[in-house]
Amino acid sequence: METQTVQRPTSADSLALHHEVEQFLYREADLLDTWRLPEWLELFLPEGVYLVPATDKPDGDPGRDLFMVQDDRFLLEQRLNSLMKRSAHAEYPHSRTRRMVTNVRATDLGDGTLDIRANFTVQRIRNGVLDTYVGHYEHFVVRDDDKGFLFRTRRCVLDLDALRPHGKVSIIL
């Protein structure tokens with residue numbers, strides 16, 4: 001049986017990757033906060049998925065558990081098109097949001113995929129009410145030579161025990 005040696009990145013390589021991943025997440029947050037949803041959708045592979053597990057089952061499996069959001073690329077595009085229309089009463093006029101992304105970690109899985117973990121807080125202001133969503137990201141991305149990183153899986157796990165007072169998430173986390 002042949003063994004493979006995995007080369008560990010130098011600290012300079014590791015720092016460069018970390019910076020690149022942070023910049024990707026910050027750019028993504030800006031796209032969402034400024035409601036540039038068509039541009040944000042371009043950060044997904046054709047087979048990419050956007051997942052938000054239920055608050056009572058944060059480690060849930062989308063194949064067998066109920067999720068608040070379980071969109072493939074087609075459903076995600078439909079969701080975004082709906083959010084951009086005036087008829088989307090839950091988000092027209094659009095909420096104002098501010099995202100904080102912290103504690104970013106990236107692991108190169110060696111097959112061209114990065115496992116990115118980070119904490120987030122999304123502040124949503126709508127009709128004079130401030131809602132706060134707190135959680136962590138579990139992303140799997142691949143590098144595209146032309147587009148940078150692209151999501152294979154974008155998973156947003158909320159740390160909330162319930163969604164109060166409205167019981168839903170009408171924005172992209």
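This is a predicted model: local features need pLDDT of at least 70, side-chain atom pairs count only at pLDDT 80 or more; totals for chains, interfaces and linings use all residues.
The largest nonpolar core holds 38 residues, and W40, Y50 and L173 have the most contacts inside it. At least two residues each come from α1, α2, β1, α3, β3, β4, β5 and β6. The greatest contribution is that of α1, with seven residues. Apart from neighbours within four places in sequence, W40 is in contact with E28, L31, L32, L76, L80, R154 and I172.

Helix α1 covers residues 11-33. Its 23 residues, at 1.5 Å a residue, should span 33 Å, and this agrees with the 33 Å between its end C-alpha atoms. Among its buried residues are L17, V21, F24, L25 and L32, along with the residues E22, E28 and D33. The cover over the buried residues of α1 includes α2, β3, β4, β5 and β6. Just after α1, W35 has a positive phi of about 55 degrees.

There are six aromatic pairs in the model. Two of them are set out below.

| Pair | Centre to centre | Angle between planes | Class |
|---|---|---|---|
| F24 and F149 | 5.6 Å | 75 degrees | edge-to-face |
| F44 and F151 | 5.1 Å | 40 degrees | tilted |

F24 belongs to helix α1 and F149 to strand β6, so their pair ties together parts 125 residues apart in sequence. F24 is buried, with a relative accessible area of 8%, and F149 is buried at 4%. F44 in strand β1 and F151 in strand β6 tie together parts 107 residues apart in sequence; both residues are buried.

Ring pairs join F24, W40, F44, Y50, F149 and F151 into a cluster. R154 lies over the face of F151, 5.8 Å from the ring centre.

Notes:
Residues are numbered from 1 along each chain as its sequence is written. Side-chain values use heavy atoms; hydrogens and water are left out. A nonpolar core is a set of buried Ala, Val, Leu, Ile, Met, Phe, Trp, Tyr and Cys residues joined through side-chain atoms within 4.5 Å. Buried means under 20% relative accessible area, exposed over 50%, partly exposed in between (1.4 Å probe, protein chains only). Helices (H or I, at least four residues) and strands (E, at least two) are DSSP runs, numbered from the N terminus. Contact means heavy atoms within 4.5 Å. The expected span of a helix is 1.5 Å times one less than its number of residues. Rings of Phe, Tyr and Trp (its six-membered ring) pair if their centres lie within 6.5 Å; planes under 30 degrees apart count as stacked, over 60 as edge-to-face and the rest as tilted. A charge sits over a ring if NZ of Lys or CZ of Arg is within 6 Å of the ring centre and within 35 degrees of the ring normal.
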